[in-house]
Amino acid sequence: MNPSGPGTARGKWLEGREKELTVLRWQYGPETWAGLLKSQGFVGIEASVLPAPEPGRLGTLMVRARSLA
């Protein structure tokens with residue numbers, strides 16, 4: 001596992017916004033997220049991509065984990 005850090009995403013996501021907003025996004029796959037969470041002590045980790053409702057579109061990454069702290 002070698003996460004490279006966040007990437008940037010730009011856009012006018014908020015309604016009525018005139019300027020683009022740049023945000024940091026961590027675009028890791030399910031296995032990488034699971035490894036990162038496990039390395040920090042989380043348990044019961046489930047990570048998968050839910051299919052998009054329309055063919056050819058990106059799915060949604062869903063990650064669940066529990067902390068023993």
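Helices (H or I, at least four residues) and strands (E, at least two) are DSSP runs, numbered from the N terminus. The model is predicted: local features need pLDDT of at least 70, side-chain atom pairs count only at pLDDT 80 or more, and totals for chains, interfaces and linings use all residues. Residues are numbered from 1 along each chain as its sequence is written, and side-chain values use heavy atoms, with hydrogens and water left out.

**View 1. Phe-42 in strand E3.**
Phe-42 lies in strand E3, which spans residues 42-50. The residue counts as partly exposed because its relative accessibility is 29%; buried means under 20% relative accessible area, exposed over 50%, and partly exposed in between (1.4 Å probe, protein chains only). Not counting residues up to four places away in sequence, Phe-42 touches Leu-37, Ala-65, Arg-66 and Ser-67, where contact means heavy atoms within 4.5 Å. From Phe-42 to Arg-64 the C-alpha distance is 9.6 Å, across 22 residues of sequence.

**View 2. Ser-48, also in strand E3.**
Ser-48 has its place in strand E3. A relative accessibility of 37% is why Ser-48 counts as partly exposed. With neighbours within four places in sequence left aside, its contacts are Pro-30, Thr-60, Leu-61 and Met-62. Arg-64 is 16 residues from Ser-48 in sequence, and their C-alpha atoms are 9.3 Å apart.

The loop between helix H1 (30-39) and E3 holds Gln-40. Gln-40 has a relative accessible area of 63% and is therefore exposed. Its C-alpha atom is 9.1 Å from that of Ser-67, a residue 27 positions away in sequence.

**View 3. Arg-10 in strand E1.**
Strand E1 (residues 7-11) contains Arg-10. Arg-10 is exposed because its relative accessible area is 59%. Leaving aside neighbours within four places in sequence, Arg-10 is in contact with Glu-20, Leu-21 and Thr-22.

**View 4. The aromatic pair.**
A search of the whole structure finds one aromatic pair. Its members are Tyr-28 and Trp-33, with ring centres 5.3 Å apart and planes at 55°, so the pair is tilted. Rings of Phe, Tyr and Trp (its six-membered ring) pair if their centres lie within 6.5 Å; planes under 30 degrees apart count as stacked, over 60 as edge-to-face and the rest as tilted. Tyr-28 counts as buried because its relative accessibility is 14%, whereas Trp-33, at a relative accessible area of 24%, is partly exposed.

**View 5. The largest pocket.**
The largest pocket holds about 190 Å³ of space. On a 1 Å grid over the protein atoms alone, a cavity is a set of points where a 1.4 Å probe fits but cannot get out, and a pocket is an open set with protein on both sides within 12 Å along at least five of seven lines; lining residues have an atom within 4 Å of a point. Grid points are joined across faces, edges and corners, and the volume is the space filled by probe spheres set on the points. The lining consists of Arg-25, Trp-26, Gln-27, Tyr-28, Val-49, Leu-58, Gly-59, Thr-60 and Leu-61. Five of these residues are nonpolar, three polar and one charged; Ala, Val, Leu, Ile, Met, Phe, Trp, Tyr, Cys and Pro count as nonpolar, Asp, Glu, Lys and Arg as charged, and the others, Gly among them, as polar.

**View 6. The chain as a whole.**
The protein chain has one helix and four strands, in the order β-β-α-β-β from the N terminus on. Of its 69 residues, 7% are buried. Among contacts with a separation of 6 or more, 21% join residues 24 or more positions apart.
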